[in-house]
Amino acid sequence: MRNVVIGFLGTTLDSGKKRRWRPTPSLVVHDDFHVDRLELLYDHRFNRLAQDIRRELIEASPETEVILNRLDLDDPWDFVEVYSKLFDFARSYGFDEDREQYHIHLSTGTHVAQICWFLLAESRHVPAHLLQTGPQSRDGGPPKLDIIDLDLRRYNALQHRFDLISQEYSDLLKGGIETANAAYNSLISQIEHVAGATKAPILLLGETGTGKTQLAERIHALKLDRRMLKGRMVHVNCATLSGPDGISMLFGQRRGYTGQAGSERNGLLREADGGVLFLDEIDELGLREQAVILHAIETGRYYPLGSDYEVSSSFQVIAGSNRDLRKLAAEGLFRQDLLSRLTAWTFEIPPLRQRREDIEPNLMFELARAEKDLGTQYGFNLDARERYLRFCRDPATLWPGNFRDFGASVRRMCVLAARGRITRQMVEDEILRLRDLWSAAQGGADGKLLGSVLGREAEGIDLFDRAQLAEVIRTCRNSASLSDAGRTLFAHSRSRRKSTNDADRLRKYLAKYGLDWDRVQTG
């Protein structure tokens, strides 16, 4: 194979005015790399230099064919002009890869020309390796010559580094907690990609306690690491913004504003400039506040209270909600235009009951956090650990408060473990405590839930049956199908039955109250 080198004339280096080493003449002095043909590109203003270099090359290496190619550039630093003319050169050049091996000499030409050469080589418009030369070392060795092969198969090491960085970002979004849940891993992968590629609003949906705030903080940390923003994350609990003081807290106010007491304040939107504005529980915002927030998101401008002129604030919005915003919009309680703006990227965080395989690594995380906060090393006795994990993973344990309940449960046992060991009896006491807490919390909600499904008919149900029916309805709404709900509700008794048609058992139970699957889901 014949070696062909294509490169620019070095208008400064090749003239030898500043350095003794000249890149183009040095190409023909290497015993282990023979140049059969050199295609030298030059501007007409440097015709004399090009002719001199050609004669010198032929004298130094008579077997090397030197061809001068005139390529005039009005501005060698204009990317569009340089790329266009090199592209035209490549299109008209008769590459013969069966007989010749091509190399692009990168050591001459402007940085713009070097970038254009790389793009043309990477896209195979110029089927060539990249070639770099350099001056000889201090010990008197020959000038340097390195060949860079753009074969993507040789990028495995680089790709591995990129994969490791991506894994680091995924671990960051998961808080360093291992997860075996495929759906959650896929969700985190999508969030990592979106957060690193766009500043569009992100909507995080999920039940109370699923970790929306923590995930928003980790998205902010990821964006800081990627230098996509410089400011801090401002956490706004929208449920606290009711009343006139809440408006000024969000948008700020000017001194002397008659509608508010107190001095001038910047407001949370101004504080979020250059960073992230996390609107937690955004469904709690009133329609008026929603309109102003929408304008601020779309334009980056808003009016502080008492001001006659707009102020600017550039921020990324992350919103969180534990309610269905589409349903609220249909009921006129949430602006449809704001919903459309927020739902460009929507991610629904699964509840703990759908991630039971991840309970054990989260348990280790909570123990480590308790150790850091309380200054004591904690651990479970073997039987206590097995009992607690069995309770946590039981389909009948629905974890209504999700990870918030789970973390509080582990912390309570750590505090009560005087010598750092959590015993079986401590676990049993905690299980009873959790059941009492959940029962008390759900007691007042049972009547409301049954009323939403059965209407006035709920008043005729005995108190004894109300709690059971309410729990059945909740389980159905948290399940993908009738069979899935049946497996959860009859998790213990089904192991003692010869026939395990859980869906039929549940269907008959609902029928006692005039209910079916569809009515339970939409009631």
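Let me start at Tyr302, which is found in strand S10, residues 301–302. Helices and strands here are DSSP runs, H or I with at least four residues for helices and E with at least two for strands, numbered from the N terminus. This is a predicted model, in which local features need pLDDT of at least 70, side-chain atom pairs count only at pLDDT 80 or more, and totals for chains, interfaces and linings use all residues. Residues are numbered from 1 along each chain as its sequence is written, and side-chain values use heavy atoms, with hydrogens and water left out.

Back to Tyr302. Its relative accessibility is 1%, so Tyr302 counts as buried. Buried means under 20% relative accessible area, exposed over 50%, and partly exposed in between, with a 1.4 Å probe and protein chains only. Val292 is ten residues away from Tyr302 along the chain, and their C-alpha atoms are separated by 7.1 Å.

Now the chain as a whole. The secondary structure comes to 20 helices and 15 strands. Of the 523 residues, 44% count as buried. Along the principal axes, the C-alpha atoms fill a box of roughly 110 × 70 × 50 Å.

H14, residues 382–393, has twelve residues and reaches 17 Å from its first C-alpha to its last, close to the expected 16 Å. The expected span is 1.5 Å times one less than the number of residues. Buried residues in H14 include Arg387, Tyr388 and Cys392. H15 covers residues 402–416, and its 15 residues should span 21 Å; the end C-alpha atoms are 22 Å apart, which agrees. Among the buried residues of H15 are Asn402, Asp405, Met413 and Cys414.

Last, the pockets. On a 1 Å grid over the protein atoms alone, a pocket is an open set of points where a 1.4 Å probe fits, with protein on both sides within 12 Å along at least five of seven lines; lining residues have an atom within 4 Å of a point. Grid points are joined across faces, edges and corners, and a volume is the space filled by probe spheres set on the points.

The largest pocket has a volume of about 1500 Å³. It is lined by 31 residues, with Glu207, Asn322, Arg323, Arg477 and Asn478 nearest its centre. H16 gives the most to this lining, with five residues.

The second largest pocket has a volume of about 700 Å³. Of its 26 lining residues, Ala396, Thr397, Leu398, Arg435 and Glu471 are the closest to its centre. H14 is one of the elements that give two or more residues to this lining. Here too H16 gives the most, with six residues.
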